[in-house]
Amino acid sequence: MADEATMCAAAFFRSIGKDVTTPEEFVMTSSLELKWMSPSDSKLLLKMLLEKGILNKRGDFVRTAADLSGLDIPLAYRPSPELLKMIHEPAPASRPQEPKKEAEPDLFHILMDVAIKNGMQARDFVPSCSKIQKRLGIDIAAAALIVLRDNGIDIGPYIGKVYDGVCSN
């Protein structure tokens with residue numbers, strides 16, 4: 001039987017119906033669509049799956065390191081509390097820990113907060129951004145700017161940050 005982390009990776013890829021994804025799509029889908037955990041925990045899960053060699057990253061894409069299609073996955077799979085605990089534990093052979101910096105919120109989540117503060121509902125904002133992202137093939141933060149602009153919200157203070165974020169990827 002596969003370990004919990006392998007089962008989680010298999011369940012994720014089975015749920016999206018593809019064998020490849022981007023790190024951003026992994027985080028957004030596992031947190032906002034599947035509602036498995038928070039976006040920050042989803043990032044930690046992805047990092048752990050990459051460190052364990054369950055997933056591989058090539059360029060801008062993530063895929064499973066081995067064929068996981070034969071695994072039996074429970075119908076309504078959700079990561080166990082033990083797996084959620086595991087993602088918060090440091091890797092055993094990790095380098096000496098640097099002093100922790102306060103985690104900077106993801107730019108998309110900052111833009112989602114802007115939308116909510118301006119009267120938009122998260123349940124409307126996120127699907128609108130995803131639709132534009134898929135249709136135009138752009139970064140989720142750039143799609144969020146389009147949604148904000150189309151809803152009459154001033155995006156001036158965020159354009160530079162989104163541009164820098166897109167260029168750094």
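Ser30 counts as buried, because its relative accessibility is 0% and buried means under 20%. Keep in mind that this is a predicted model. Where does Ser30 lie? Ser30 lies in helix α2, which covers residues 23-33. Its side chain has a polar partner. A polar contact of 2.9 Å joins the side chains of Ser30 and Ser42. Leave aside residues up to four places away in sequence, and Ser30 touches Phe12, Glu25, Lys35, Trp36, Met37 and Ser42.

Now step back to the whole chain. The protein chain has 8 helices and 3 strands. From the N terminus on, the elements run α-β-α-α-β-β-α-α-α-α-α. Of the 169 residues, 37% count as buried. The accessible surface comes to about 10,700 Å². Carbon and sulfur atoms hold 54% of that surface. Contacts also reach along the sequence. Among those between residues at least 6 apart, 56% join residues at least 24 apart.

The largest nonpolar core has 24 residues. Which of them touch the most other members? They are Leu45, Leu49, Leu55 and Tyr77. The elements that give two or more residues to this core are α1 (4-16), α3 (39-51) and α4 (81-88). Helix α1 gives the largest share, 9 residues. Look at Leu49 in detail. Not counting residues up to four places away in sequence, Leu49 touches Ala5, Ala9, Phe26, Ile54 and Leu55.

Finally, turn to the strands. Strands of a sheet pair through backbone hydrogen bonds, either parallel or antiparallel. Here 3 strands form an open sheet, and the pairing is antiparallel. Their order is β1-β3-β2. Why is one side of β1 and of β2 left without a neighbour in the sheet? β1 (20-21) and β2 (55-58) stand at the edges, each with a single partner strand, so one side of each has no neighbour in the sheet. Follow β2 to its partner. 4 bridges join β2 to β3, residues 61-64, and the two strands run antiparallel. Within this pairing, Arg58 stands opposite Phe61 in β3.

Terms used: Residues are numbered from 1 along each chain as its sequence is written. This is a predicted model: local features need pLDDT of at least 70, side-chain atom pairs count only at pLDDT 80 or more; totals for chains, interfaces and linings use all residues. Side-chain values use heavy atoms; hydrogens and water are left out. A nonpolar core is a set of buried Ala, Val, Leu, Ile, Met, Phe, Trp, Tyr and Cys residues joined through side-chain atoms within 4.5 Å. Buried means under 20% relative accessible area, exposed over 50%, partly exposed in between (1.4 Å probe, protein chains only). Contact means heavy atoms within 4.5 Å. Two strands pair if DSSP finds at least two bridges between them. A polar contact is a pair of N or O atoms within 3.5 Å; within protein, one must be able to donate a hydrogen and the other to accept it, and residues adjacent in sequence count only if both atoms are side-chain atoms. Accessible areas come from the Shrake-Rupley method with a 1.4 Å probe; for residues, only the protein chains shown count as cover.
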